[in-house]
Amino acid sequence: MTLRVWAGWWARRGTHLPVAAAIAVVTAATVLADAGGRPAVLVPLVVLAAGVLPGAGLALGGARRQEAALLRLHGRRGVRWVTALVAEPMLTAVLGGLAGAAVPLVLGAEIASRSLVAAVWLLASATVVTAMVVALRGPLTELLRPAGAERARRASALAALVPVVVAVAAVVALLRRSSTAPDAWAFTAPVVVGLAAGLLATAVVRLVAHRLARRPDLGPSLAGHRLALPRAATGLPVLVGSAVLLGCAANTAMAVHDWARDTSLVTSATPLVVSYDGPADGLLEATREADPDGRWLMAAIRVLEDERPISRRVYLDTARYERVVGDRLAGTAAARGADQVSDLGAAAAGTDPEPVTTGRRMTVRLALAGPRPRPLRLDVLTVSPSGSGRQTVFARPTPGTPTTVSTDLVRCETGCRVTGMEVAIGIPCNDDTWAQPRCQRPALTLTALDLGGLDLLDRPWVLTEPDDRPPGELAATPGRLRVRPSSAGTSYLATDRSPWATPVLATSSVDWPDAPEAPTTGGMARPARVLATADALPVVGAAGTVLDLPTSVVPGTGAVARAEPLVLARADTPDSVLAEVGTPRPGSELSREVVQAADDGVAGRFAVLAGEGALLGLLAVVLPAARLRRERTHERAVLRLVGVRRSDQRSAGRLQVVVMALAAGLASVAATLLVVSTLSDALPVLAAGPGQLPLDTGPRVPALVLAGTVATLLAGVTTWWTGHVPDRASLPARLREEVSP
């Protein structure tokens with residue numbers, strides 16, 4: 001029994017080997033997809049395999065019709081008949097499964113889920129075996145006849161239903177082009193659209209065939225009759241589907257390559273980077289001593305505190321940006337933002353610095369209204385390189401009598417900036433007692449308010465009550481400020497800092513909870529005005545802000561803990577200049593972690609899709625090619641017998657090749673263009689990350705050319721091979737039967 005199985009398998013190896021290859025491709029795809037942690041990649045390949053494996057089983061059944069008939073003549077029926085036939089294709093399935101699992105393992109992949117691999121292999125094997133058994137069913141008289149139109153007529157209902165189902169699925173795929181769709185759906189949609197395009201191409205081939213068949217010339221007429229047969233375009237839909245998958249994968253791979261290149265350019269801005277080991281204010285001095293003319297070096301401090309866009313910022317020596325970086329970022333997503341950096345430097349240089357305290361005392365002259373003395377507290381809210389602070393004075397003045405109080409400033413060693421003020425009189429009241437007479441506050445008049453040399457009465461003040469408490473009252477005249485606190489006991493005042501707001505560039509993803517802020521390199525809060533917004537900016541990418549470094553450094557203070565001082569250098573910077581600031585390294589190192597974190601093995605996933613999809617497309621046209629070649633051999637023998645000229649036969653063959661190749665190529669290009677234009681942005685390509693540049697998945701000409709070329713070559717070569725029959729194989733003397741209809 002075993003010898004008969006091996007003998008039968010070897011005799012039909014031309015049919016078994018493509019079947020084994022199809023099972024091997026599906027099994028290998030399962031191993032690779034599962035090892036990469038993305039089983040969704042397997043789904044489009046399973047869809048393509050669903051178009052290949054049933055046909056493989058039918059082809060295997062067609063090759064074993066006589067054997068099946070002999071088994072019936074020997075009394076085999078039912079399970080015994082099926083068992084005798086199953087051994088041979090199961091041998092093919094085992095060989096294909098072993099090869100499909102072995103190749104990825106040799107390449108270093110690991111099988112994470114053996115149950116998934118086994119399930120896919122069993123499904124593929126069962127599909128082939130079932131299709132073979134179905135092909136061999138029917139009366140004994142049918143098995144003894146050559147396989148032909150009977151099977152095609154019986155399958156006509158299914159053949160009419162499949163294009164409708166695929167077309168509907170393609171429409172749904174185009175309508176559901178959402179980035180929130182499941183990964184499996186997103187990966188499958190290009191294949192479904194490709195299959196629909198392949199079915200349309202098949203219909204076009206048959207229309208052309210009918211027109212050619214009515215031509216008076218023998219060559220075109222013969223080509224038309226050949227192309228009009230249902231099996232002439234077998235495998236074309238799967239071939240187009242695989243070519244579309246290949247083109248989509250190639251287009252996405254090119255997009256990822258361009259994204260990685262742009263990320264490398266934007267993240268570093270210059271080809272060379274030097275990590276500076278020193279204080280932030282020393283960084284500027286070091287670059288200007290090493291490069292006085294500003295031709296080669298630019299100081300930068302990168303602060304990436306967390307993943308929020310508002311927490312990502314970079315400080316650049318904008319005066320040197322144009323000479324050091326120039327147009328290096330042209331053509332990238334940050335090109336528009338990069339053009340604004342020089343304007344940022346000019347705006348920062350033209351902005352007046354916010355006044356800061358120079359003295360060490362706070363002095364207040366005040367007068368309290370009302371019938372009796374009351375305790376009061378006056379807080380001036382400040383911010384300095386040392387952090388936020390309160391400059392507080394307490395008093396219990398006699399009503400109507402001017403009183404002067406003073407106190408030492410705290411946390412203002414390097415100067416304070418004023419952010420607000422609080423005025424509190426009497427015991428606090430809550431919302432249950434606001435209306436009581438004791439909660440009404442007397443007015444407080446300030447005739448002098450000096451904070452370390454700053455006259456705060458020259459500034460505008462507004463009430464900013466923090467909740468729904470009854471508001472206080474505020475009246476300001478030159479040299480005088482009159483405040484009646486809220487009945488809650490305390491009122492809050494804010495001053496306008498906008499005249500000294502620091503200009504910043506921001507990405508469109510930055511969302512400030514209140515007003516824009518521009519912290520110094522040491523983290524001190526400053527008001528900001530957004531000079532311009534862009535999708536991406538140098539160094540911070542698509543999330544963050546860019547500030548001017550010279551105006552953001554407070555001398556004598558350090559930088560925040562997450563600050564990373566850098567020296568950005570041109571590629572042609574002399575070694576002597578670089579040696580003065582440190583050891584240079586490629587700028588691409590700054591983006592290495594960003595690219596690796598976002599890539600997440602995308603190259604491997606799309607290589608699997610492209611390579612194994614192309615193999616399945618090849619098998620889809622190779623499997624029926626052997627059968628068509630046998631039919632062409634018989635047909636050519638008949639044509640030679642009746643005296644048809646060889647030139648007419650060659651003309652028919654060339655016309656067949658042209659029609660099939662053009663149909664496959666044009667359908668693949670059109671479908672690929674449709675997919676990459678409408679569906680590529682929904683593919684789960686890159687893992688989201690902070691500051692990640694947008695991925696441009698627009699159509700790439702090389703990807704379209706690749707899809708069209710592969711489809712054209714495979715369709716043309718297989719069509720040519722089916723009709724290229726040697727003379728010795730088509731001798732009329734070898735005819736053994738009449739020409740089948």
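Biologist: How do the residues of the lining of the largest cavity divide into nonpolar, polar and charged?
Modeller: This is a predicted model, and in it the largest cavity is lined by 17 residues. When these lining residues are sorted by class, they divide into 11 nonpolar, 5 polar and 1 charged.

Biologist: Which helix gives the most to the lining of the largest cavity?
Modeller: Ala-232, Leu-628, Met-660, Thr-718 and Thr-719 are the lining residues that lie nearest the centre of this cavity. The elements that give two or more residues to the lining are helix H12 (236-268), helix H19 (602-642), helix H20 (646-678) and helix H21 (701-723). The one that gives the most, with 5 residues, is H19.

Biologist: What volume does the largest cavity have?
Modeller: By the rule used here, the count comes to 3 cavities of 30 Å³ or more. For the largest cavity, the computed volume is about 170 Å³.

Biologist: Which element supplies the largest share of the lining of the second largest pocket?
Modeller: The second largest pocket has a volume of about 520 Å³, and of the 29 residues that line this pocket, the closest to its centre are Arg-302, Leu-304, Arg-312, Leu-590 and Val-594. At least two lining residues each are supplied by H12, strand S2 (297-304) and helix H18 (589-599). The largest share, 6 residues, comes from H18.

Biologist: How many charged residues are in the lining of the second largest pocket?
Modeller: Sorting the lining of the second largest pocket by class gives 14 nonpolar and 6 polar residues. The charged residues in this lining number 9.

Biologist: Are H3 and H6 roughly parallel or roughly antiparallel to each other?
Modeller: Two packed helices are described by the angle between their axes and the distance between the axes. The axes of helix H3 (residues 42-63) and helix H6 (residues 114-135) come within 7 Å and cross at roughly 30°, and the crossing is right-handed. Angles under 35 degrees count as roughly parallel, and therefore H3 and H6 are roughly parallel.

Biologist: Which residues in H6 does H3 meet?
Modeller: By class, the contact of H3 with H6 has 11 nonpolar, 3 polar and no charged residues. From H3 the contact takes in Leu-42, Leu-53, Pro-54, Gly-57, Leu-58, Leu-60 and Gly-61. The residues they meet in H6 are Val-120, Ala-124, Thr-127, Val-128, Ala-131, Met-132 and Ala-135.

Biologist: Is H3 roughly parallel or roughly antiparallel to H12?
Modeller: The axes of H3 and H12 come within 10 Å and cross at roughly 160°. Angles over 145 degrees count as roughly antiparallel, so H3 is, relative to H12, roughly antiparallel.

Biologist: Which residues in H12 meet H3?
Modeller: The crossing of H3 and H12 is left-handed, and on the H3 side the contact involves Pro-44, Leu-45, Leu-48, Gly-51 and Val-52. By class, this contact has 6 nonpolar, 3 polar and no charged residues. The residues in H12 are Val-238, Gly-241, Ser-242 and Leu-245.

How values were computed. Residues are numbered from 1 along each chain as its sequence is written. This is a predicted model: local features need pLDDT of at least 70, side-chain atom pairs count only at pLDDT 80 or more; totals for chains, interfaces and linings use all residues. Side-chain values use heavy atoms; hydrogens and water are left out. On a 1 Å grid over the protein atoms alone, a cavity is a set of points where a 1.4 Å probe fits but cannot get out, and a pocket is an open set with protein on both sides within 12 Å along at least five of seven lines; lining residues have an atom within 4 Å of a point. Grid points are joined across faces, edges and corners, and a volume is the space filled by probe spheres set on the points. Helices (H or I, at least four residues) and strands (E, at least two) are DSSP runs, numbered from the N terminus. Ala, Val, Leu, Ile, Met, Phe, Trp, Tyr, Cys and Pro count as nonpolar, Asp, Glu, Lys and Arg as charged, and the others, Gly among them, as polar. Axes are lines fitted to C-alpha atoms, for helices over the stretch in contact, and angles run from 0 to 180 degrees between N-to-C directions. Angles under 35 degrees count as roughly parallel, over 145 as roughly antiparallel, 65 to 115 as roughly perpendicular and the rest as oblique. A crossing is left-handed if the near helix is turned anticlockwise from the far one by less than a right angle, and right-handed if clockwise. Contact means heavy atoms within 4.5 Å.
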